[in-house]
Amino acid sequence: MRPHRALSLLAAVALSLTVTPAQAQLGGLGNIFDKAQKAKKVGDSMREIGPEEEEKIGGDLASMILGAAPLVDNADEQHYVNRVGMWLAMHTERADLPWHFGIIDTDDVNAFSTPGGYVFITRGLFERFRNESELAGVLSHEIAHVVQKHHLHALQNEMRTSAVADAGSSVVGSGGVTGFLTEQVIKAGKTLYTRGLDKGDEYEADRMGVVIAARSGYSPYGLVGVLQTLSAEQDQKGLALMMKTHPNPTDRMDRLEKAMGTKLDGLTPEVDDLPSFVALRNPPPPPPVVKAKAKAPAGKAKPRKK
Amino acid sequence: MRIAGALIGALALCIAAAPAAAEEGAVIRAGELKAMPFIDAVTSAKVAANQAVTIVSRKGGWVEVQANGQTGWLRMLNVRLQGGSAPAAGQANVHAASLLRTNSSGKTVTTGIKGLGEEDLQNAVPNPAELTKLTSLAVPAAEASSNAAASGLVEHPVDYLDQKKKKK
């Protein structure tokens, strides 16, 4: 036996010893030990997670986000973002994923993606878009996170450190091994989605996002327009979670300026806006406008004079 | 008559102003105000850093601004917005907002003010029914393609931008 083999064998024995006594003394814990090993396997950052498992994990996390804010109940709107989103995703290396896009019903300004091709934007963000290229910019940023498996890798790291400790506690799993894994994914996901990714992942998603939008025929500057909006509103409560989990929007603009320069200029034709978005923004005037008759002219007139 | 006139005026103003409410901003780096939204367009004036500007319109990577009584184009990445100047919910996109709200089946009153903060995520209970609904909304690639073609979206071959520092 070669020395380094003996060493790795020793290491393996040492590793198993740390759990084995508990397993031996308390028979029921053997089951928990199995579960912990399974969870640890997910968390093993050296292991490449297969497409089916990625989709399952992403679905669990999407279900969690939908538990916090359900889909806006409007099939036309949802269909619209799915058409735009799918077109964008087709211009990446992971076009074949089962992509799903949704507007979720909250006033807060944010967007999320989970592994396997799930992308959400909040209604609060959607309402702030000036045109369709801004929607395309945000969707492309989220698509880039999925393409690069940013959340999947961060989740693996998170689970590697938390899963085994949890498996020993008595609250573990009514749903067997699968249920336990889902619990672990959700738990790690909550940590991840409230703490945020590494800043480097966000900057990378910005750089890739503007290119994905440009490849798809949109102005690559839609995302920049959104970052301008965010920079002007960053103190507002509805942006609190987004600001906590992302780098400062002004920093993101600086980075994009350095990376883009004028490299993505002059792609013609490039689309800022489309009738599909304008139709949502500018349909026949709704009745509530009448209410604003006394206020609107005075309020609007002032800034115009300046 | 006057009231009717004022009402029509107010309506027209709302409709016209809604998509492009005036945004106030400032120049980030000293630069040139261009007559057209192109790099090689004629320079109509110089602008200093921190010069206040009013954004009149947007086109691609450019914003049309009024600065010091002059109108011209600046690179979008050279303009930051003043706090509170960005389009608020329902200003950029008025009708989408009301449309979305009206259609929130029976939950219109409460969902309109719901936030999605840290606690909401921490306390979230997975919602498999909504996940099933989301899955049913998927659009096939063929439909996305034909929709894009009908919209006049033209694909461009563009490489990803260089990364200065590579991770891993």
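Predicted model: local features only at pLDDT ≥ 70, side-chain atom pairs only at ≥ 80, totals over all residues.

Trainee: Where is A:Tyr203 found, and what does A:Tyr203 touch?

Mentor: A:Tyr203 is part of helix H10 of chain A. Leaving aside residues up to four places away in sequence, A:Tyr203 touches A:Pro247, A:Arg252 and A:Arg255.

Trainee: What makes helix H10 of chain A mostly covered?

Mentor: The count of buried residues does: 14 of the 17 residues of H10(A) are buried. This helix covers residues 199–215 and reaches 25 Å from its first C-alpha to its last, close to the 24 Å expected at 1.5 Å a residue. Just after H10(A), A:Gly217 takes a positive phi of about 100°.

Trainee: How does the reach of helix H4 of chain A compare with what is expected?

Mentor: H4(A) holds 18 residues, 51–68, and reaches 26 Å, close to the 26 Å expected at 1.5 Å a residue. Several of its residues are buried, including A:Glu54, A:Ile57, A:Asp60 and A:Ile65.

Trainee: Why is A:Leu88 called buried?

Mentor: The cut-off is again 20 or more. A:Leu88 has 30 C-beta neighbours inside 10 Å, so A:Leu88 counts as buried. You will find A:Leu88 in helix H5 of chain A. Among the residues A:Leu88 touches are A:Leu139, A:Ile143 and A:Ile212, not counting those up to four places away in sequence. The C-alpha atoms of A:Leu88 and A:Gly137 are separated by 9.4 Å, although these residues are 49 apart along the chain.

Trainee: Which residues touch the most other members of the largest nonpolar core?

Mentor: They are A:Ile65, A:Leu88, A:Leu139, A:Ile143 and B:Leu74, in a core of 103 residues. Helix H7 of chain A, residues 132–147, gives the most to this core, with 8 residues. In soluble globular proteins, nonpolar side chains tend to be buried together.

Trainee: Now the sheet in chain A. What is the order of its strands?

Mentor: This open sheet of 3 strands has the order E1-E3-E2, with mixed pairing.

Trainee: Why do strands E1 and E2 of chain A stand at the edges?

Mentor: E1 (100–104) and E2 (111–114) each have a single partner strand, so one side of each is left without a neighbour in the sheet. On average, neighbouring strands here are turned by 15° against each other, direction ignored.

Trainee: How do you know that E1(A) and E3(A) pair?

Mentor: At least two bridges are needed for a pair. E1(A) and E3(A), the latter residues 118–122, share 5 bridges in the parallel sense. A:Phe101 stands opposite A:Val119 in E3(A). Helix H5 of chain A, residues 75–89, lies across E1 and E3, running at about 135° to E1(A).

Trainee: And how many helices and strands are there in chain B?

Mentor: Chain B has 6 helices and 7 strands. Of its 168 residues, 32% count as buried.

Technical notes:
Residues numbered from 1 in each chain as written. Chains lettered and ligands numbered in written order. Helix = DSSP H or I, 4+ residues; strand = E, 2+ residues; numbered from the N terminus. Axes fitted to C-alpha atoms, helices over the stretch in contact; angles between N-to-C directions. Contact = placed C-beta atoms within 7 Å. Buried ≥ 20, exposed ≤ 12 C-beta atoms within 10 Å, placed from the backbone. Core = buried A, V, L, I, M, F, W, Y, C linked by C-beta atoms within 7 Å. Expected span 1.5 Å × (residues − 1).
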